[in-house]
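Here is a friendly walk through one model, written for someone who likes to know how each value was computed. Please have the viewer open as you read.

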Amino acid sequence: MTTLIRAARLADGLSTSSQPNQAVLISDGRILAVGPADTIASQTPPDTETIDLGDATLTPGLIDGHTHLSLAGDGHSYVEMFSESDEMMVLTGAYNLRRHLDAGITTLREHGARNKVGFAIKEALSRGYIAGPRMQVSGRPITCSGGHFHMCNEVADGPDEIRRSVRRLVHEGADYIKIMTSGGGTAGTLPGRASYSVEELHAVVHEAHHFHRLTAAHCRAKESMVRAVAAGIDLMEHAEFLDPDHEMRFDPDLAEKMAECGIWISPTLQAWTNYGRIVDLEQKRDRGELSPAAASQLQALSDRAEKRLDIMRRMLDYCRIDRIVPGTDSGVGSLAFGHLDYDLRLLVKVGFTPGEALLSATRISAEAIDMADELGTIEPGKIADLAAFKGDPTKDVLALSDVAAVFQAGVRVR
Ligand SMILES: [Zn+2]
């Protein structure tokens, strides 16, 4: 079965610009050829199905490296969300998968759920019971006694317990290892304090790499960022430069070390800035429907967001943009699924071009999660996970909010 997809433009995930009048030929779920539409059409076997997307831009499917599928992202607190049963969390995950897929996200990382919920969602997906993006699952995040996300039930203190946790998670099916190296939004934890010593983080890196698993570390505290770099963690989440007094203070020495060691960085800008709420309020403002109270809320949120974006801009003076990946943190708080586009808008606000933002969500994210052999670009041999957007997202990042089509292994799913 071969399929030919034609589009007015194509951004292949290799360059930051799009090419006009392109086509992709797909056979058995993989890309056979890509290039100018007329050239590709002339190589097409007679019984090929043709899909013409018209005035849209075809791109690699987007990758979201940070989600919590089992959480509803409907504004409830962690305590309320974690009062749900595991069964309801699995169903929440099935619902959330569909929302992400419809937004052009064809691969995601499930970054920590309770008990076996994350594994169950992935199993249901792989059996074809539910639809959704391709999944890498961490299972449960490793955390210290009383630490962030301790309610997921993978508490480990000291190098020996951490090694045991890695072994247990790998045995249960973890594709990578997530560890909480500072406090976070969980009540009673301290976001500005590191949770683990360098020795403990060495243990997680060593044991995970022994099983060919990458590590991703939740690092809000500056001290936890320093230790993650020292221990050789593969990917740093959040990177807020938070001090124990809960103030963010940029540290150029630390940023230089992060750049030198080449650690992947996922700044989760949407999550920190509550950007979805900002977008809602801005839309109301543009329609002339903003109450005075809502107007002052928008101002306060925007001022607060600017502080975080400024830290990010300063980090970009040191860190290479091709080590930075977007991640939504969907599920947490009021972060609803389906909005990787918001993180990409924020990357543009801190200095990425729209084309660079698109690369970060495709090829660079595929590299960061070690799937670049199969995903992330539109090249012969790769899996045909594709998205299409109205307009040209390499010129206007807002185009990424207007999905025209989604394909998984060559099959149109939207
Ligand atoms: Zn998270």
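Which element gives the largest share of the lining of the largest pocket? That share, three residues, comes from β11. Before going further, note that this is a predicted model, in which local features need pLDDT of at least 70 and side-chain atom pairs count only at pLDDT 80 or more, while totals for chains, interfaces and linings use all residues. Residues are numbered from 1 along each chain as its sequence is written, and side-chain values use heavy atoms, with hydrogens and water left out.

**Pocket and cavities**

The largest pocket holds about 600 Å³ of space. It is lined by 31 residues, and Gly185, Arg220, Ala271, Trp272 and Val332 are the closest to its centre. Two or more lining residues come from each of α2 (78-81), β9 (176-180), β10 (214-221), β11 (235-242), α9 (269-273) and α11 (292-316). Helices (H or I, at least four residues) and strands (E, at least two) are DSSP runs, numbered from the N terminus.

There are also two cavities of 30 Å³ or more. The largest cavity has about 50 Å³ of space, and its lining is made up of Pro60, Gly61, Ile63, Thr106, Thr107, Leu375, Gly376, Thr377, Ile383 and Asp385.

Both kinds of space are found on a 1 Å grid over the protein atoms alone: a cavity is a set of points where a 1.4 Å probe fits but cannot get out, and a pocket is an open set with protein on both sides within 12 Å along at least five of seven lines; lining residues have an atom within 4 Å of a point. Grid points are joined across faces, edges and corners, and a volume is the space filled by probe spheres set on the points.

**The zinc site**

Which residues coordinate the zinc ion? The donors are His66 (NE2), His68 (NE2) and Asp329 (OD), at 1.9 to 2.2 Å, and they follow the spacing H-x1-H-x260-D along the chain. His68 sits in the loop between β6 (62-67) and α2, and Asp329 in the loop between α11 and α12, so this pair ties together parts that are 261 residues apart in sequence. Donors are N, O and S atoms within 2.8 Å of the metal (3.2 Å for Na, K and Ca); water is not among the atoms, so sites may look incomplete.

The C-alpha atom of His66 is separated by 9.8 Å from that of Ala216, 150 residues away along the chain. Ala216 is found in strand β10. Leaving aside neighbours within four places in sequence, Ala216 is in contact (heavy atoms within 4.5 Å) with Arg109, His111, Tyr176, Ile177, Lys178, Ile179, Leu235 and Glu237.

**Accessibility of selected residues**

Buried means under 20% relative accessible area, exposed over 50%, and partly exposed in between (1.4 Å probe, protein chains only).

| Residue | Relative accessibility | Class |
|---|---|---|
| His68 | 2% | buried |
| Asp329 | 8% | buried |
| Ala216 | 0% | buried |
| Asn115 | 26% | partly exposed |
| Phe149 | 1% | buried |
| Arg363 | 22% | partly exposed |

Two of these residues have a positive phi without being glycine: Asn115, near 50°, and Phe149, near 70°. Asn115 lies in the loop between β7 and α4, and Phe149 in the loop between β8 and α5.

**Two helices**

Helix α4 (residues 117-126) buries Val117, Gly118, Phe119, Ile121, Ala124 and Leu125. These pack against α3 (86-102), β7 (105-110), β8 (134-137) and α5 (158-172). Just after α4, Gly128 takes a positive phi of about 80°.

In α10, the buried residues are Tyr275, Gly276, Ile278, Val279 and Leu281, and their cover includes α9, α11 and α12 (340-349).
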